[in-house]
Amino acid sequence: MTRRHASAVDPCGIAHAVGVLGDPWSLLVLRDVAGGCTRFDQLVAETGISRKVLTQRLDALVADGVLERRAYSERPPRHEYVLTALGRGALPVLSALQQFGDTWLLGDGRPDAGAATDSNEVMRVSSLIGQRIPRLHALDPVTDEPFTVVYCYPGNAFPGADDIPGGVGCTLESCTYRDRLGEFAGLGAAVVGVSTQRPGEQAEFAAANGIRFPLLSDADLELTTALRLPTFRAGGTTRLKRQTLVVDRDRVVRATLFPIPDVTGSVEDALRLVRELASVAEPDVRPS
């Protein structure tokens, strides 16, 4: 494997970053580790990379401090690979690549808080059903309730919202969940909102609107990158497209909603999905 590291005196941050992350296989390995594939055989299966090449890339990422190798079995000796602080710092790079591909290579280049029903993004969100949400460093959207409705939204009153399809409606969506929170609770479901807004902005909005459930900040794009959630850029910020996941207490995604053309209708749809899931749930995950 040929690797080109920038000279120590090179002032260009791009050159230094490319020396660590510029190899395509390294980026895909980092993508899948961020998504919870931390073991060697998982990475082989997910990426399709040869075992020899994967060994080289993992050794390089560990040597550069992007990944840490941790033992999970002594006999036989086995290791898993987890993101370091440096590796988590690279997550916005992966998110930007995802957004560039979705917007410019697979889309028409225009920002949109939704998507065409036959788009690559819709297929990607739908494919989350059956997948487990990995445990993350900075936030955890999954509660101890039988089900958690995780609704992702672009942000409240963000700059340019009126000019972006699907950009308006975040306040209405959150307040509709607020008003119907008891119905979700009666079905054994918690509600959690996620956006890339800063915690202070979310707290101010929650206080002003009487939001009684958690609003979590994914400003560092940890959840966004782990699940490869669709995003767009507006107001100088990467923002989550409007989408909803229903997750069980085992962290498995059981249902998704995307795109969402009607914010109040999506709350009703989420209730319907939880009601259907609760009706067929095992006894230990049914609401008491």
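Let's start with one side chain. A polar atom in the side chain of Thr47 sits 2.7 Å from the backbone oxygen of Leu43. That is a polar contact: a pair of N or O atoms within 3.5 Å, where, within protein, one must be able to donate a hydrogen and the other to accept it, and residues adjacent in sequence count only if both atoms are side-chain atoms. The Thr47 side chain also reaches the backbone nitrogen of Ile49, at 3.1 Å.

A word on the source. This is a predicted model, where local features need pLDDT of at least 70 and side-chain atom pairs count only at pLDDT 80 or more, while totals for chains, interfaces and linings use all residues. Residues are numbered from 1 along each chain as its sequence is written, and side-chain values use heavy atoms, with hydrogens and water left out.

Back to Thr47. Where is Thr47? Thr47 lies in helix 3, residues 40-47. Helices here are DSSP runs of H or I with at least four residues, strands are runs of E with at least two, and both are numbered from the N terminus. Is Thr47 buried or exposed? Thr47 is buried, because its relative accessible area is 14%. Buried means under 20%, exposed means over 50%, and partly exposed is in between, using a 1.4 Å probe and protein chains only. Leave out residues up to four places away in sequence, and Thr47 touches Trp25, Leu28 and Asp32. Touching, or contact, means heavy atoms within 4.5 Å.

Next, Ser26. Ser26 is in helix 2, residues 24-34. At 4% relative accessibility, Ser26 is buried. Beyond its neighbours within four places in sequence, Ser26 contacts Arg57 and Leu61.

Now Asp64. Asp64 sits in the loop between helix 4 (51-63) and strand 1 (67-73). Asp64 counts as partly exposed, because its relative accessibility is 23%. Leu21 is 43 residues away along the chain, yet the two C-alpha atoms are separated by 9.7 Å.

Finally, the whole protein. How many helices and strands are there? There are 12 helices and nine strands. Of the 288 residues, 48% count as buried. Take contacts between residues at least 6 apart in sequence: 63% of them join residues at least 24 apart. The C-alpha atoms fill a box of roughly 55 × 50 × 35 Å along the principal axes.
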